[in-house]
Protein chains: 2
Amino acid sequence: MNLVEQLEYLFNPRSVAVVGASNTFGKWGFDMINSALATTQERKVYPVNKNASEVRGLRTYQCVRDIPDRVDFAVITVPYQQVPGIMNDCVDKEIKAALITSGGLSETGEEGAKVEAEIVSIARRGGLRFIGPNSMGHFNTSSDFSTTPWIPQVKKGSVGLISQSGNCGVYILRCGFELGIGFSKFVSSGNEADLCLEDYLEYLAQDEETKVIIAYIEGLRGGRRFFQLAKEITPKKPIIVMKAGRTAGGTKAARSHTAALSGSEAIHEAMFRQAGVIRVDEVDELLDVAGALLRQPLPKGKRVGILTAGGGFGVLATDACERLGLQVAPLSPATIERLNTILPSRWSHANPVDTVAAYLDTFPCLWPLMDDENVDAILLSGGVGTAAAVPKLDGVPLSTMEEIKQILKAREDEELRNWDLAIERMDRDQKPIVVLTMATSAFKDLETFNKLRENGILIYPTPERAAKVLAYLAQAGEYLGISRGGQAEPTC
Amino acid sequence: MNLVEQLEYLFNPRSVAVVGASNTFGKWGFDMINSALATTQERKVYPVNKNASEVRGLRTYQCVRDIPDRVDFAVITVPYQQVPGIMNDCVDKEIKAALITSGGLSETGEEGAKVEAEIVSIARRGGLRFIGPNSMGHFNTSSDFSTTPWIPQVKKGSVGLISQSGNCGVYILRCGFELGIGFSKFVSSGNEADLCLEDYLEYLAQDEETKVIIAYIEGLRGGRRFFQLAKEITPKKPIIVMKAGRTAGGTKAARSHTAALSGSEAIHEAMFRQAGVIRVDEVDELLDVAGALLRQPLPKGKRVGILTAGGGFGVLATDACERLGLQVAPLSPATIERLNTILPSRWSHANPVDTVAAYLDTFPCLWPLMDDENVDAILLSGGVGTAAAVPKLDGVPLSTMEEIKQILKAREDEELRNWDLAIERMDRDQKPIVVLTMATSAFKDLETFNKLRENGILIYPTPERAAKVLAYLAQAGEYLGISRGGQAEPTC
């Protein structure tokens with residue numbers, strides 16, 4: 001069996017044993033059996049527990065060996081001292097793959113490392129591959145199989161996530177839920193005693209359901225292998241990583257957390273750059289960038305056209321772009337001339353283009369910017385979701401309210417039509433569009449919000465976040481040699 | 001009349017004229033009359049409009065001079081060319097203060113600057129002080145008077161906001177609404193042709209309802225006055241600013257936005273530091289820091305105790321603290337000994353203190369950290385709002401669900417009791433506590449969330465944001481000479 005075949009048993013098992021399954025709320029064994037049972041798929045689930053006769057109404061087995069059928073996959077959630085014994089049982093039963101949640105192993109010192117080595121050696125003997133120990137679970141949305149508790153309903157989608165921290169992984173999934181981003185696979189890789197980040201990376205590289213790979217990394221066991229893999233993958237699938245342990249204290253903390261060897265910061269930085277891996281600064285940026293890369297074209301350069309319905313955001317967006325190495329493009333004379341015919345004479349006559357609070361001018365101004373050869377990407381603020389930005393209306397007569405409702409509906413319809421055009425242009429002209437809006441919560445109720453989300457146009461709440469995404473897209477484009485007049489071919 | 005007396009007419013007028021008032025949705029005059037009328041206070045509101053006989057069911061006047069009663073304050077929302085004439089009328093009517101929303105003045109060039117100068121000279125002649133032009137409104141929650149449309153219901157509170165950008169101001173108010181932060185006063189200062197940021201600062205300094213002053217700044221007209229004022233204010237009231245125009249492009253954009261002169265970046269930076277002004281990097285940080293300063297004690301130093309229920313966040317928090325110049329405090333031997341009695345033997349034995357997913361250990365571990373003389377502040381992650389972090393429960397029997405509900409209720413009750421103690425300790429020991437949680441949305445439904453909010457403990461979604469707030473608190477403490485063994489007296 002090659003690695004991919006082995007990992008199929010992890011991500012799509014036909015039968016599962018949950019060792020340590022429990023009816024007691026608060027125990028991992030309770031969460032794990034519930035997660036395994038919460039599926040719409042045909043899958044046999046066998047609770048294993050020496051001290052209970054039934055769990056969740058199912059008869060339990062004293063030992064995996066007692067299960068009468070074949071078992072593909074075992075979840076092991078027992079105190080760490082018992083794991084070697086359980087692993088022996090699993091090997092005897094010819095189980096192909098497992099996930100170990102138990103902590104107290106190599107991350108705690110020599111004593112735990114010894115037990116962990118024993119577990120590995122038993123598993124190797126039986127050809128069993130496993131996630132963990134010290135894992136918070138994994139899932140596969142296409143087979144509807146999950147061992148991860150404490151997460152909201154995960155949307156099926158194309159982002160694959162590998163996390164060397166369970167709680168950071170769960171955090172990313174929660175943020176994804178709120179941003180509306182769908183996931184294909186997830187692994188909390190724990191101590192990586194057997195399967196490591198590079199293995200999951202190799203698997204996700206060939207997984208057709210995964211279009212973008214993101215990872216939270218504390219330390220790499222196989223730096224050279226990571227580099228080789230990443231170099232092969234990034235021309236076809238983007239890899240975005242958040243690498244913790246940038247500081248001396250962080251490195252030390254990472255070691256005690258997942259026994260990770262953080263390694264030299266400079267080496268990592270160079271490796272990521274040379275392999276075309278996008279390295280972000282903060283956990284939540286993983287999703288900002290992944291969401292954009294799922295759908296947006298890569299820009300041909302770093303020249304941004306900023307279109308805003310208010311000056312302050314224009315100033316902040318300019319600051320953010322310049323700080324991040326993007327250019328606020330000087331507009332072509334033809335563009336200025338066209339904008340002169342749309343905007344009142346007092347407009348800024350330069351980039352950022354400020355429609356001076358005239359949201360209705362947003363789209364008419366967008367087309368000249370899309371046409372301008374000096375502009376590689378658009379940062380759009382204001383004029384989006386305007387139907388949600390309603391002034392105070394206390395005491396306004398009912399008839400007026402009715403009229404306003406109709407105006408807002410017409411406004412939204414027009415915006416939707418404009419977005420259809422904008423999305424078409426985005427693809428055709430290969431110019432990404434990122435959007436920021438102040439209309440936060442209320443905006444989420446609009447149809448526009450869904451349309452944008454479906455088309456990979458995420459709504460960023462601050463100019464900094466929006467500009468950062470454009471900077472990362474430009475970085476990816478540069479790596480792949482997508483430049484003005486150039487070919488969309490990898491250069492490294 | 002001194003400045004404060006003059007500004008009282010702005011913030012608490014007994015009678016208001018809205019020049020340009022309109023029944024047409026989409027016009028400023030519609031928003032302004034609605035805002036002025038949306039009040040629970042006794043206040044006379046007079047619509048002024050040459051082309052309408054009634055607005056919102058009220059009879060209109062052709063001119064402010066025709067209003068039979070005294071008028072304290074005028075909102076002027078007409079095309080800029082008409083503003084000098086209206087200002088003449090206001091002066092004739094002996095109106096004390098005004099707000100001008102009209103744009104197209106000094107921010108657009110020489111022609112507009114001329115008209116603006118004329119407006120100023122007319123107002124000066126009559127002793128009338130005004131906000132704007134190019135303002136997006138202002139409000140005072142204690143007098144329930146607002147001229148700011150497009151904002152959610154503002155909570156009455158103690159943060160005073162001055163913004164040189166209307167849309168950034170509105171954005172900050174919206175973020176504040178979502179964070180549950182209350183405001184005292186707000187001004188969108190616009191072009192500052194007459195009243196400028198320094199005037200509002202002087203007013204808020206003496207305003208008893210304002211405990212923390214925050215400002216979005218594009219450029220200062222009176223740098224020396226700002227410095228003198230800030231130096232006097234910051235020992236008594238914190239001032240937090242976000243200054244845009246850090247880059248060359250940003251400076252240029254600011255000039256065309258509000259005609260602001262951004263000035264030298266280095267001079268601003270030094271001035272803020274020497275005057276004890278906290279300068280934040282991004283707009284949303286204004287509120288993160290304001291919320292903390294409203295209630296949290298200033299720490300005596302930069303040594304942070306990190307308490308986490310999961311390793312990943314511990315690593316990220318350590319990285320963030322060290323990057324921001326905070327120290328991850330080495331714990332005293334006594335603390336380690338006490339933690340040994342609480343945590344399983346495999347705990348990290350160092351700061352960050354990882355309870356290894358045992359959320360119930362969070363508070364028992366917090367007390368030793370509060371007692372430790374090596375710790376000046378606490379960054380708490382996990383073990384908070386645990387009643388909202390529920391695992392998958394599909395298919396769990398109803399009786400178990402009932403049991404779980406009771407367990408969660410007991411868990412929340414215990415957490416609430418623990419927070420009472422923690423808040424008491426926070427004040428007594430002068431050690432601020434910042435919290436980050438993954439339990440995002442669901443957490444907001446808990447009673448715990450409200451208790452924390454009421455006590456100025458905001459919930460930050462990322463380790464970076466939480467650490468940043470501690471760094472700013474430490475900076476403020478350092479400026480005021482609140483050091484270990486020192487007095488809480490300003491040192492500059």
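How many residues of chain A are in contact with residues of chain B?

## The interface

In this predicted model, 70 residues of chain A are in contact with 70 residues of chain B; two residues count as in contact if their C-beta atoms, placed from the backbone, lie within 7 Å. On the side of chain A that touches chain B, at least two residues each come from helices H2 (28–37), H5 (166–179), H8 (248–258), H11 (311–323), H14 (398–429) and H15 (440–443) of chain A. H11(A) gives the largest share of that side, 10 residues. Helices here are DSSP runs (H or I) of at least four residues and strands are runs (E) of at least two, numbered from the N terminus.

Sorted by class, the side of chain A that touches chain B has 27 nonpolar, 27 polar and 16 charged residues. Ala, Val, Leu, Ile, Met, Phe, Trp, Tyr, Cys and Pro count as nonpolar, Asp, Glu, Lys and Arg as charged, and the others, Gly among them, as polar.

## Confidence and numbering

For the complex, the predictor gives an ipTM of 0.88 and a pTM of 0.91. Chain A has a mean pLDDT of 90, with 95% of its residues at 70 or more; pLDDT is the predictor's confidence in each residue, from 0 to 100. One stretch to treat separately is residues 485–492 of chain A, where pLDDT stays under 50 and the model has 12 contacts beyond four places in sequence.

Residues are numbered from 1 along each chain as its sequence is written, while chains are lettered from A and ligands numbered from 1 in the order in which they are written. As this is a predicted model, local features need pLDDT of at least 70 and side-chain atom pairs count only at pLDDT 80 or more, whereas totals for chains, interfaces and linings use all residues.

## Two helix pairs

In chain B, helix H5 (residues 166–179) packs on helix H10 (residues 285–293) at an angle of about 45°, with the axes 10 Å apart. Axes are lines fitted to C-alpha atoms, for helices over the stretch in contact, and angles run from 0 to 180 degrees between N-to-C directions. That angle makes H5(B) oblique to H10(B); under 35 degrees counts as roughly parallel, over 145 as roughly antiparallel, 65 to 115 as roughly perpendicular and the rest as oblique. Ile172(B), Cys175(B), Gly176(B) and Leu179(B) of H5(B) make the contact with Leu286(B), Leu287(B) and Gly291(B) of H10(B). These residues divide into five nonpolar, two polar and no charged.

In chain A, the axes of helix H6 (residues 197–206) and helix H7 (residues 223–233) come within 10 Å and cross at roughly 15°. H6(A) and H7(A) are therefore roughly parallel to each other. Here Glu198(A), Leu201(A), Glu202(A) and Ala205(A) of H6(A) meet Arg225(A), Phe226(A), Leu229(A) and Ile233(A) of H7(A). By class, that contact has five nonpolar, no polar and three charged residues.

## Backbone details

The peptide bond from Asn351(A) to Pro352(A) is cis, with omega near 0°, and Pro352(A) is in the loop between helix H12 (333–342) and strand S17 (353–354) of chain A.
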